[in-house]
Amino acid sequence: MLTKIEPSALMDVALSCIARGWHVFPCKHKTKEPAIRGGFLSASNDEAKVREWWTVRPTANVGIATGASGLTVLDVDHGLSNVDDLRLYRSAKGLPTTYTVRTGRRDSFGVQMYFQTSEPLKSIAWVDLVQGDIRGDVRGGTGYVLAAGSLHPSGDFYAPLVDAPVAPVPDYVRALRAAP
């Protein structure tokens with residue numbers, strides 16, 4: 001895990017994302033705010049473009065455009081306290097092992113579970129109707145997430161928790177509805 005930003009470290013993060021087939025774009029340093037016009041709509045998986053962006057902005061966070069990347073990300077912002085809670089939640093909901101990132105959020109145990117889909121789901125805020133204390137966002141066709149290695153506004157880095165292949169989007173995630 002990164003403890004400070006080294007020259008080219010975030011370019012390496014961006015290049016590793018495009019090696020997975022994901023589309024990326026730069027976000028302003030220590031924020032989730034796009035650093036280029038068009039934001040996630042301008043994301044690219046072209047290596048020359050990515051190198052150009054991070055040569056100009058070496059400390060830019062790495063945004064991953066979920067829809068363009070064929071991803072739906074289940075972002076759990078609240079309701080989990082630690083890795084054991086995550087394991088219990090995944091087991092209770094029938095969520096498969098998949099690439100999972102601990103967000104830089106430290107007021108709770110934020111995680112993002114990545115799922116592959118040919119048609120990314122709609123981006124929504126959600127609440128688990130059975131376990132109402134667990135809530136977050138689905139980042140799908142019209143959204144983005146910050147890549148592991150990016151610096152959260154809290155000052156902590158996003159870091160991989162589970163470095164596994166990206167699993168297909170499960171029924172539980174498909175069934176989530178927008179929070180009331």
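## Close-up views of the predicted model

**Figure 1. Cysteine 17 is buried, with a relative accessibility of 5%.** Here buried means under 20% relative accessible area, exposed over 50% and partly exposed in between (1.4 Å probe, protein chains only). The model is predicted, so local features need pLDDT of at least 70 and side-chain atom pairs count only at pLDDT 80 or more, whereas totals for chains, interfaces and linings use all residues. Residues are numbered from 1 along each chain as its sequence is written, and side-chain values use heavy atoms, with hydrogens and water left out. Cysteine 27 is likewise buried, at 0% relative accessibility. The structure holds zero disulfides, a disulfide being a pair of cysteine sulfur atoms within 2.5 Å. For the sulfur of cysteine 27, the closest cysteine sulfur is that of cysteine 17, at 12 Å, which is too far for a bond.

**Figure 2. The protein chain comprises four helices and 10 strands.** Helices (H or I, at least four residues) and strands (E, at least two) are DSSP runs, numbered from the N terminus. In that direction the order of elements is α-β-α-β-β-α-β-β-β-β-β-β-β-α. The radius of gyration is 15 Å, close to the 16 Å of the globule rule for 180 residues, so the chain is as compact as a globular protein of that length. This radius is taken over C-alpha atoms, and the rule is 2.2 Å times the number of residues to the power 0.38. Along the principal axes, the C-alpha atoms fill a box of roughly 45 × 35 × 30 Å. Buried residues account for 49% of the 180 residues.

**Figure 3. The largest nonpolar core has 30 residues.** Such a core is a set of buried Ala, Val, Leu, Ile, Met, Phe, Trp, Tyr and Cys residues joined through side-chain atoms within 4.5 Å. The residues with the most contacts inside the largest core are Val24, Trp54, Val62, Ile64 and Tyr114. Two or more residues are contributed by each of α1 (9–19), β1 (23–27), α2 (47–56), β2 (61–65), β3 (71–78) and β8 (144–146). Helix α1 supplies the largest share, seven residues. A second, separate core of 20 residues includes Val76, Phe109, Leu121 and Trp126. In soluble globular proteins, nonpolar side chains tend to be buried together.

**Figure 4. The surroundings of valine 24 include Cys17, Trp54 and Ile64.** Neighbours within four places in sequence are left aside, and contact means heavy atoms within 4.5 Å. Other residues in contact with valine 24 include Ala14, Ile18, Ala43, Ser44, Val50, Trp53, Val62 and Gly63. Across the chain, 73% of contacts between residues at least 6 apart in sequence join residues at least 24 apart.

**Figure 5. A salt bridge joins the side chains of glutamate 47 and arginine 51 (2.8 Å, N to O).** The criterion is a side-chain nitrogen of Lys or Arg within 4 Å of a carboxyl oxygen of Asp or Glu, and by this rule the count is nine. Both partners lie in helix α2, four residues apart, about one turn of the helix. Glutamate 47 is partly exposed at 41% relative accessible area, as is arginine 51 at 38%.

**Figure 6. Arginine 139 forms a salt bridge with aspartate 137 (3.4 Å, N to O).** Arginine 139 is partly exposed, at 27%, whereas aspartate 137 is buried, at 15%. Elsewhere, salt bridges that share partners join Asp77, Arg105 and Asp107 into one network. Within that network, the side chains of arginine 105 and aspartate 107 meet at 2.8 Å, N to O, and aspartate 107 is exposed, at 60%.
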